[in-house]
Amino acid sequence: MDVKGVAFLARQLQAEQTFGRERWLAFLTEQAKRDPVFAQPVLPVTRIPVDAFLRLNDAMTQQFYAGDSQAYWKYGVKSAEYALRQGQLKALFNKGDYRRFALFTPGIWKGYFTEGELTAQVLGNVAELRITGVPRPHTYFELSVMGFASGGLTYLSGKEIAHEVLKGFSRGDLEVAYRFTLPE
């Protein structure tokens, strides 16, 4: 499994905005010693081996967030807000398009990862998202992707969106299932 460079670039942008470019570059220089893929410029289409990408995110979480795995959720929420406010999804969604956004999330998965699958189903005021077939289950995939969904749903609906964890890598499950309660 590979992770596309666009996922790395999202992390880089967040880190630079939050901690400053110099601190990010010092961190990345250290990571490049372990994983040389980060010594080269990463483009949106660059394919990063999943293990290297996960080591980068784990190290980033350890260094910048004292190892709090909930930082992965924050990465997802912030990525969604950025993508919808000024990034690649701004032209695709308007306020109120939260149901359509939920159904669009499988395309976001495909844009970031080369294996695994995200499926979405919306019935009434419930959106259920599932991640299956990930060869390297890791809380990063669960929390950042479901955080992205939550952040997007909240941004587009203008309301905090409640969710329920049905299954998760963080619980030792081999798949992820979340249920989001949408506004009426």
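Which side chain meets that of arginine 136 in a salt bridge? Aspartate 51 does, at 2.7 Å from N to O, where a salt bridge is a side-chain nitrogen of Lys or Arg within 4 Å of a carboxyl oxygen of Asp or Glu.

This is a predicted model, in which local features need pLDDT of at least 70 and side-chain atom pairs count only at pLDDT 80 or more, while totals for chains, interfaces and linings use all residues. Residues are numbered from 1 along each chain as its sequence is written, and side-chain values use heavy atoms, with hydrogens and water left out.

View 1. Helix H3 covers residues 50-65, helices being DSSP runs of H or I with at least four residues and strands runs of E with at least two, numbered from the N terminus. Among the buried residues of H3 are Phe53, Leu56, Met60 and Phe64, buried meaning under 20% relative accessible area with a 1.4 Å probe, protein chains only. Their cover includes strand S1 (2-4), helix H1 (5-19) and helix H6 (139-157). Just after H3, alanine 66 has a positive phi of about 55 degrees.

**View 2. The contact of two domains.** The domain assignment, which is automatic or from a database, gives domain 1 (2-69) and domain 2 (76-181). Their centres, taken over C-alpha atoms, are 21 Å apart, and the contact (heavy atoms within 4.5 Å) takes 17 residues from domain 1 and 13 residues from domain 2. Across the interface of domain 1 and domain 2, the rule finds 1 salt bridge. On the side of domain 1 that touches domain 2, S1, H1 and H3 each supply at least two residues.

Notes
Expected span 1.5 Å × (residues − 1). Buried < 20%, exposed > 50% of the residue type's maximum accessible area, 1.4 Å probe, protein only.
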